[in-house]
Amino acid sequence: TWQRVTDKAGILKPNSDVYKVSVSRQNPKVVYLAIYQDGRGRVLRSVDSGESFTEIYFVNTKGYGVFDLYASGYNADTAYITTGQGGFLETVNGGKTWRVKKWFGEPLTRLVVNPSSENEMYLVTSSYLIFKTTDAGETWTDVSTKIAGDLQATYQSAGAKDLFTLKTSPFSFRRDIKSLTVSPVSSGLLYVGFPNLIARSSNGGGSWQNLQIPLPPDTSDLSTLALNPKNSENIFVGAGFQIYKSSDQGIHWKIISL
């Protein structure tokens, strides 16, 4: 059953674009929203499970959004946001004050946090670069520059007659990132989903390999990827009307009928 969330305080307007909802595991009554409202990105916070909201942040220039956020699972007053202005910000007091931890030179579109080790975070930029931190945003490294080269090597080693080679030949891939998923149980394991392939790293982005998912040529692009949070061997991929599942980290695949 479902019930529409209506803000009795009137801060969240019915015509707002909601980009992200993040609920604190430490206190599930605390809910953070990243929204676009009245021409600018904003962050709202509720302490009563969405009955009412207060605005705790807005970008200072119209036309820029707050595209992603993450509520800490250990402290309901701690949250992180990414903005279209290129800012990665943190609050530790429920939004009363914010600290800019890093300004990037382009918009930040996605934030992925390892829920079992929140110091490990990944950012995706508008040009599809991936940055990683292991100290909660104090320092960052680019882990995406090696993806194309590493996947080229994987493609060449597979052989042109391999059933599981890429849809495109010669090797190419559309760089727009559809998903980025971090395993909470296998240290250093992460997956990046592109429209026509999946890249996997088992060492936190140090090197990459292509999973060679067998998407038929007429299949819609890959749109999403998820891991079993208790068993990172199990991968689920959405592409068009199909769900693909692997139980061995992408070596073999089967289609799940809906």
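Visitor: Why is F104 called buried?
Guide: Buried means a relative accessible area under 20%, exposed means over 50% and partly exposed lies in between, with a 1.4 Å probe and protein chains only; F104 has 10% relative accessibility, so F104 counts as buried. This is a predicted model, in which local features need pLDDT of at least 70 and side-chain atom pairs count only at pLDDT 80 or more, whereas totals for chains, interfaces and linings use all residues. Residues are numbered from 1 along each chain as its sequence is written, and side-chain values use heavy atoms, with hydrogens and water left out.

Visitor: What makes F104 and W140 an edge-to-face pair?
Guide: Rings of Phe, Tyr and Trp (its six-membered ring) pair if their centres lie within 6.5 Å, and planes under 30 degrees apart count as stacked, over 60 as edge-to-face and the rest as tilted. For F104 and W140 the values are 5.8 Å centre to centre and 75° between the planes, and the pair is accordingly edge-to-face.

Visitor: Why is this pair said to tie together parts of the chain?
Guide: F104 lies in the loop between strand 8 (99-103) and strand 9 (108-113), and W140 lies in the loop between strand 11 (130-133) and strand 12 (141-142), so the pair links parts that are 36 residues apart in sequence. Strands (E, at least two residues) and helices (H or I, at least four) are DSSP runs, numbered from the N terminus. W140 is buried, with a relative accessible area of 14%.

Visitor: Which residues form one aromatic cluster?
Guide: The cluster is made of Y80, F88, F104, F131 and W140, and the search of the whole structure finds six aromatic pairs.

Visitor: Is A136 buried or exposed?
Guide: A136 has 9% relative accessibility and therefore counts as buried; its place is in the loop between strand 11 and strand 12, and its phi is near 60°, a positive value in a residue other than glycine.

Visitor: Why is S49 called partly exposed?
Guide: S49 has 42% relative accessibility, so S49 counts as partly exposed. S49 is found in the loop between strand 3 (40-46) and strand 4 (54-58), and S49 has a positive phi of about 60° although it is not a glycine.

Visitor: What is the secondary structure of the protein, and how do you know that it is as compact as a globular protein of that length?
Guide: The secondary structure comes to one helix and 20 strands. The radius of gyration, taken over C-alpha atoms, is set against a globule rule of 2.2 Å times the number of residues to the power 0.38; the protein has 19 Å, close to the 18 Å that the rule gives for 258 residues, so it is as compact as a globular protein of that length.
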